[in-house]
Amino acid sequence: MKDSLLVKGVLATLAYAFIMSVTSLVAKLVQAEVAVSALVFWQSLFCVTILLPQQRGHWRRHNVSVWRTHFLRSISGFLGFYFFYLAINHIPLVEASMLRACVPLCVPLVVLLVHKIKVPSSRWLPLILGFLGVALIIRPTPSQFDPWQLVGFLSAIGLAFSMVTTRMLSKNVRAKETMTIYFLISAVLSLLLSVYNQTSLLVPVYLIPHILIVGLTLYFAMYLYTLAYGFAPASIVSPVSYIGVVFSGLWGMLIWGHVPDLLAMSGMLLIFSSVLLTTYLGGRKSMA
C-alpha cells in the first residue's frame, strides 16, 4: 500500500511538473501582446471562478493574525508569479524556471526572517552550493550581469514566502480557502497595477484560448502539487518536481533554440545537487 502511494506521488509530481511547464510556455508566448499584469489578472480571475463555488459553506471567521498571514501569503505569491512572468520575457525559459526552482534555498532564510529560527549548521553546505549555482547562472560581473536573471531569482523568494505562510495557514485554514483568497487578492493587485501602468486588460480574441490554457493548467498544476504531497513525502516530491526544468529546457530548445551554455548548466547542476542534499537532510531529520 505504501509503495502504491509513493508511485502515485511520483506520477502526480511528474504531471504537475509537465503541466506547469506548459503554463510557463504559453505565458511566454502570449506576452508579446499581453501585458504581464493583464495575464496575471485573467489567470487569477479564472481560478477564482473555479474555486469560489467550492468554498460555499466552508467560510470561517478568523482573527486578525490569520488575515495578516493571508495577505502576506497572497502578496508574496502574486510577486512570485509576476517576477517569473517578467523574467521569461527577457531570459531563456529554462534559466527562469531554474532560478524560480531555487525555493528550497530561500525557505530557510525566510523562516529566519519570519520565525527568527536560525538555519541549522547542517543546512549551510547545500545552501552554499545552491547559491554558487545561482551565481553561475546570473554571473554578477559588470560585463555579463543581466538584471532580468535577478528578477527570475526574486520569483523564488516570493514563492518561498508564500510556501512558509501557506504552512502557517494550514493549521487553521482550509487549503481551498487559502487558494481562493490568494487568487482574489492577486486579481485585485494585478488590476491596480494595470491601472497604474495604464495597460489594457483587453486580450486579442485569437489569444483568449491561450489565456484559458494558462488559467486551467495553473489550477490543475496546483491541485496535482497538493495531491502529490498527500501521497508522498517532501523528500520525494521536491527532487522529482525538478523535472519541470527539463521540460522547460526542451520547450526552449524546440521553439526558441535556447541552449544553456556550460556555466549555466554547471549552475543548474549545483542547484539540483543542493536541493537533493537539502531534501535528504530533511528526510533524515524527520526519521530521527
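A residue counts as buried when its relative accessible area is under 20%. By that cut-off, in this predicted model, all eight residues of helix α4 (residues 93–100) are buried, so the helix is largely enclosed by the rest of the structure.

**Helix α4**
- The buried residues of α4 are L93, V94, E95, A96, S97, M98, L99 and R100.

**Second largest pocket**
- The volume of the second largest pocket is about 340 Å³.
- Its lining comprises 16 residues, and those closest to the pocket centre are V94, V245, V246, M265 and M268.
- V94, one of these, is also among the buried residues of α4.
- Helix α11 gives the largest share of the lining, with six residues.
- By class, the lining has 14 nonpolar and two polar residues, and no charged ones.

**Packing of α3 and α7**
- Two packed helices are described by the angle between their axes and the distance between the axes.
- For helix α3 (residues 64–88) and helix α7 (residues 147–169), the axes come within 7 Å and cross at roughly 155°.
- Angles over 145 degrees count as roughly antiparallel, and α3 is therefore roughly antiparallel to α7.
- The crossing of α3 past α7 is left-handed.

Key:
Residues numbered from 1 in each chain as written. Predicted model: local features only at pLDDT ≥ 70, side-chain atom pairs only at ≥ 80, totals over all residues. Heavy atoms only, no water. Buried < 20%, exposed > 50% of the residue type's maximum accessible area, 1.4 Å probe, protein only. Helix = DSSP H or I, 4+ residues; strand = E, 2+ residues; numbered from the N terminus. 1 Å grid on protein atoms, 1.4 Å probe; cavity = no way out; pocket = protein on both sides within 12 Å on 5 of 7 lines; lining within 4 Å. Points joined across faces, edges and corners; volume = space filled by probe spheres on them. Nonpolar A, V, L, I, M, F, W, Y, C, P; charged D, E, K, R; others polar. Axes fitted to C-alpha atoms, helices over the stretch in contact; angles between N-to-C directions. Parallel < 35°, antiparallel > 145°, perpendicular 65-115°, else oblique. Left-handed = near helix turned anticlockwise from the far one by under 90°.
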